[in-house]
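Reader: Before I rely on any label for this chain, I would like to see each one set against its definition. Could we go through them in turn?

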Amino acid sequence: MSTTYHRLDDGDQTQVWMSVEAGMPQLLYWGDSLPADCDMSTLGRALQAAVPHGGLDVAESVSWLPEPGRGFTDEPGLALRRGAHHLYTRFSLESAQATDQGWTFHLRDPGAALSLELHIELHAGSGVLSAHCRLTNDGCDALGVDALASLALPLPTRLRERLSLTGRWAAEFQAAREPVGRAAWVQESRVGRTSHHAYPGLVLMEAGTHATQGEAWSLQLAWSGNHRLIVQALRGGGLQMQAAELLLPGEVTLEPGECLKSPTVHLCRSPAGLRALSLRWHRFLRERVVPKPRGPRLVQLNSWEAAYFDHDCLRMQALAHRAAGLGVERFVLDDGWFAGRRDDRAGLGDWEPCPERYPQGLAPLGARCQALGLQFGLWVEPEGVSRDSALYRDHPDWILSVPGLEQPLGRHQYVLNLGLGDARDYLWRKLSELLRSAPIQFLKWDMNRDMTHAAGPGGASAVRQHVLGLYRLMDDLRQAFPSLEIETCASGGARADLGILQRTSRIWVSDCNDPLERQRMHRAALTFLPAELMGVHIGAARSHTTGRYADIGLRTLASLFGHPGIEADPITFSEAEVRHLREAISFYKAERTWLAEAEVAAIDHEDPALLATSAVAADGRRALVTVVAADRAAHAVPGPLRVPGLVAAGHYRVSPHPLWAPDPRHGKCAAGPFLPGGVVTLAGQTLHRAGVALPILHPGTGILLVLDRVR
Ligand code: DGJ
């Protein structure tokens with residue numbers, strides 16, 4: 001049986017795929033670069049695994065989509081049916097084509113009347129790999145697709161720890177780091193959106209991996225609906241990981257000639273710790289995924305926590321005026337502006353400005369914002385349909401529901417089925433009328449309910465079609481309104497993934513604006529997402545979601561590396577807070593250009609109470625480091641902070657920024673020996689290896705260190 005090898009190289013890494021004629025391609029090697037003259041078939045022979053005793057007489061290997069038809073007895077990569085017959089596929093390679101940056105494999109299973117294309121692409125620079133597959137029904141009758149992974153990968157068993165992100169409303173992006181166990185780990189979203197609790201990304205790493213050491217492999221599935229990630233220890237030894245769209249029963253049936261394209265899974269690997277891994281992801285998202293805003297990221301004020309549903313045109317004009325006075329550049333009118341919307345029980349779906357509160361529509365508010373030098377943005381929830389709405393009364397058949405069955409409401413609402421052309425056309429008309437009616441350049445696109453009973457009019461599950469319809473609607477709007485920026489929001493951060501991020505350039509990370517909570521969320525989210533996408537707003541001193549008080553210094557500090565905004569009425573701020581805010585906003589504006597391209601990553605400190613994050617300019621000339629005490633420190637005096645990522649041979653002048661300097665009241669040492677003379681100059685390498693001492697910080701306070709390269 002002939003075996004072919006397909007090699008991909010980028011900078012410091014090599015990936016080798018191996019394909020035998022009778023079977024699917026599978027990953028043979030992924031790691032640090034192999035010599036250019038490495039003989040692939042010798043490598044193949046060298047790495048050939050033994051067939052274990054006590055099982056089948058074939059080596060159970062993890063191919064792109066492991067097939068039970070070839071004797072794979074762990075989690076398969078696909079599950080297909082014709083009528084009641086489970087198909088035991090046995091795909092064979094027909095051809096492999098080199099593409100610009102990767103490979104396309106064509107396979108067929110004539111017995112099952114199926115063909116399959118597997119695509120892999122390596123992105124030079126970031127070194128991220130993207131993979132997807134496309135299955136076609138070549139038969140004469142319908143094919144039921146119960147499962148089709150985007151990709152399965154064999155993992156080295158030395159990757160003993162797993163990092164994933166879980167959470168809930170107002171507590172998204174919680175890092176969960178656990179050992180890889182003997183039982184399979186399965187993470188699913190079945191709620192029709194990416195979800196608060198199951199970010200579709202994963203890191204597998206050597207035990208003890210930290211920011212700058214340890215091998216780590218990672219994936220992210222670019223899909224905003226139901227999904228499934230699996231890490232499984234195989235019966236015969238070894239590990240596999242799989243990423244797939246989760247298909248509900250009967251969700252996909254391929255008629256003769258039809259095909260199914262899986263979502264794309266992106267993969268990345270670092271031989272040198274989590275920092276390098278995240279920076280690869282950030283580069284990839286910046287270069288290949290997220291649409292670039294036309295100008296700098298504007299400081300915004302969002303009206304939600306300032307007014308909730310209690311507003312009208314005059315009140316919002318006054319709020320915009322106060323926002324402009326602080327240096328805000330974009331005013332976003334949140335929920336409550338449309339007909340029937342006095343609370344969250346009614347109005348979703350109608351999308352006409354409220355005739356009492358906005359009698360002349362949104363144009364006067366838009367014009368006022370423009371006159372104040374502000375961009376105008378608007379909150380919408382296009383998929384939401386209130387039971388009490390004209391849309392629901394006129395088109396009850398347009399919502400996702402199982403005919404004849406009551407479903408629980410979520411926030412008193414249903415979900416409009418965007419898989420239906422009519423429903424999509426309706427939204428297209430409504431949204432484009434709105435966008436033409438006022439100078440709206442930004443949409444906060446919300447989605448506030450988990451799906452259940454997500455079926456279309458015929459009764460078949462319709463999440464997949466809904467997500468594809470959503471993508472299409474967003475794509476059409478972006479094409480028709482090229483300067484429109486969209487923020488993805490779903491009760492906070494429940495729809496953040498690389499699928500929606502191809503269409504949106506900002507994430508509303510959470511409805512929790514407590515800066516301590518946000519620090520934890522952002523540092524975890526940085527594993528997969530670049531900082532500047534993360535909307536982070538300065539709220540009231542007492543957080544609306546945790547009830548905890550935070551000093552204005554901490555609130556502004558926590559927003560510096562994200563996309564900052566305000567989530568409060570400035571009238572409620574004291575004079576001192578206003579002064580501080582103005583200065584903090586102008587500091588952000590002065591730094592934001594390089595920050596948007598900077599290497600931003602969490603820094604490890606021995607004390608888990610001290611959360612440090614650094615932003616190092618792409619050219620290494622400047623860096624900012626925030627240090628926040630989330631809790632009481634473990635020791636009376638904190639150990640030094642070691643700062644990675646600087647130019648090793650460069651010399652940096654390190655000083656605390658006066659706006660976020662240590663508070664001398666926090667212990668007699670704070671104002672004394674901390675950076676004697678207020679400044680110290682050290683080589684980048686020394687700052688990484690030895691670090692700088694930290695002041696004593698009270699819980700809920702923080703500092704900003706400024707590092708400028710002087711030679
Ligand atoms: C949920 C969002 O996360 C909030 O920021 C706000 O926009 C509300 N929806 C409005 O209903």
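Author: The mean position of the 71 positive charges and that of the 78 negative charges of the chain are 5 Å apart. Here Lys and Arg count as positive and Asp and Glu as negative, while His and the chain ends are not counted, and the place of a charge is NZ of Lys, CZ of Arg, CG of Asp or CD of Glu.

Reader: What kind of model do these values come from, and how are the residues numbered?

Author: The model is predicted, so to speak of local features requires pLDDT of at least 70 and side-chain atom pairs count only at pLDDT 80 or more, whereas totals for chains, interfaces and linings use all residues. Residues are numbered from 1 along each chain as its sequence is written, and side-chain values use heavy atoms, with hydrogens and water left out.

Reader: What makes the radius of gyration of the chain agree or disagree with that of a compact globule?

Author: The rule, applied to C-alpha atoms, is 2.2 Å times the number of residues to the power 0.38; because this gives a value near 27 Å for 711 residues and the chain has 27 Å, the two agree. Along its principal axes the C-alpha trace spans about 75 × 70 × 40 Å.

Reader: How do you know whether Ser150 is buried or exposed, and which residues does Ser150 touch?

Author: Ser150 is found in strand S10, residues 143–155, and counts as buried because its relative accessibility is 0%. The residues that Ser150 touches, leaving out those up to four places away in sequence, include Trp64, Cys133 and Ser262. The C-alpha atoms of Ser150 and Ser262 are separated by 5.4 Å, although the two residues are 112 residues apart along the chain.

Reader: What makes Arg495 buried or exposed, given that Arg495 is found in a loop?

Author: Arg495 is found in the loop between strand S27 (485–488) and strand S28 (506–508), yet at 2% relative accessibility Arg495 counts as buried. Among the residues that Arg495 touches, again leaving out those up to four places away in sequence, are Arg193, Glu383 and Trp445. Arg495 and Gly192 are 303 residues apart in sequence and 9.7 Å apart in space, C-alpha to C-alpha.

Reader: What are the bounds of the domains, and how many residues does the contact of domain 1 and domain 2 take from each?

Author: The bounds, which come from an automatic or database domain assignment, are 57–289 for domain 1, 301–382 + 426–447 + 484–593 for domain 2 and 605–709 for domain 3. The contact between domain 1 and domain 2 takes 33 residues from domain 1 and 30 residues from domain 2.

Notes: Contact = heavy atoms within 4.5 Å. Helix = DSSP H or I, 4+ residues; strand = E, 2+ residues; numbered from the N terminus. Buried < 20%, exposed > 50% of the residue type's maximum accessible area, 1.4 Å probe, protein only.
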